[in-house]
Amino acid sequence: MSHKLKVGELKEDYLTDEEIWRIFTVVLSTKSVKSSTYKYALIKSIIENLYQIDDNHQLTYNQLAYGFAKIYWNLVVHHDLENQNRGDRNAKAVTVILEFQKKHAIPNEFSYDKINDQLQLKLVSKIKTVMKTNVFGALYGDTGGQFYAFDHSREYFKIKKNVHQFMMKYQLLLVNLTNYHMAKMIEELNEVPSINYLLEKVETVAKRSSLKPFERVLLHYFEASCFYCGKDLSKQKQPTEVDHFIPWSFVQSDQIWNLVLSCRHCNNTKRDKLPEREYLNFIIDRNKVLKEKVIESQSLLENYKDKKIIMLYDYSIKNGFDEIWVPRRG
Ligand SMILES: [Zn+2]
């Protein structure tokens, strides 16, 4: 069985978009065997990490396990969707999370990001073990080794370049398809009111509860002013907000290099639109300063490159985020 594999090499032949679609269609549909929801969670975690990839197209097991843990934490702890497996036994990831929660007496209301860093790392490491036994090899098998290579001993995970490009190009569509199929399977396994009820849960599993830690870092090193309109935010009357420069609904993750301080008016009018292109230069400059100034941001800016945010901007337009927002400057 492919899920037992410890190493998987990448088949280097070039795939057309059509061929990649065909593989995705099989992987997502009931044509591929799924005893649990793991494959969907791994795809979601890869998508969440598309812009965290390094120059060699690699992601770390930790990055992927972090996304994976967060997905199940939200499903299991917040939404009581404990059945993620066919058959009598719970999926191992679910058992691990429930035991972990109990052992460390973490309240149900705690979102994953609220758990302290040390504990998060502990859980990530446990989840990684589950992924090594049951997840990486299984999806590798389903994709016929055409999407990624992996190696458990080195914790090495490399996506094929043109599959990576494909995933960025059709990101939104892939997210929606994955959410839909995952919700459908969870619906089958749990007693829930409807697929719409579930879709909402599955769609929001990646959402972070608070951007406060980022706000603190930004406020510490930058003047309290709106990134878009320049309004002074240091006065009490003007609450500071944190805005995703590239809309959250597209990136589905929170990276400090994509977050800016904003006034309420700009944040509310921008919503999930892109700011006009000129601001791309501004955020690149801002990130340059961030990289120089902030020692603790070195880890926060790991793998950040100017070209990444440019790429993200262009890919979000290709994914339908083509409505451009212009701030009211004054
Ligand atoms: Zn503003």
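Tutor: This is a predicted model, in which local features need pLDDT of at least 70 and side-chain atom pairs count only at pLDDT 80 or more, while totals for chains, interfaces and linings use all residues. Residues are numbered from 1 along each chain as its sequence is written, and side-chain values use heavy atoms, with hydrogens and water left out.

Student: What makes the arrangement around the zinc ion tetrahedral?

Tutor: The zinc ion is coordinated by the SG atoms of Cys226, Cys229, Cys263 and Cys266, at 2.3 Å, and donors are N, O and S atoms within 2.8 Å of the metal (3.2 Å for Na, K and Ca). Four donors count as tetrahedral if all angles lie between 85 and 135 degrees; the angles here are 104 to 113°, and therefore the arrangement is tetrahedral.

Student: Why is Arg277 called partly exposed?

Tutor: Buried means under 20% relative accessible area, exposed over 50%, and partly exposed in between (1.4 Å probe, protein chains only). Arg277 has 42% relative accessibility, so it counts as partly exposed, whereas Cys226 and Cys229 are both buried.

Student: How do you know that the side chain of Arg277 makes a polar contact with the side chain of Asp314?

Tutor: A polar contact is a pair of N or O atoms within 3.5 Å, where within protein one must be able to donate a hydrogen and the other to accept it, and residues adjacent in sequence count only if both atoms are side-chain atoms. The side chains of Arg277 and Asp314 meet this with a polar contact at 3.0 Å.

How values were computed: Tetrahedral: all angles 85-135°; square planar, octahedral: opposite > 155°, others 65-115°.
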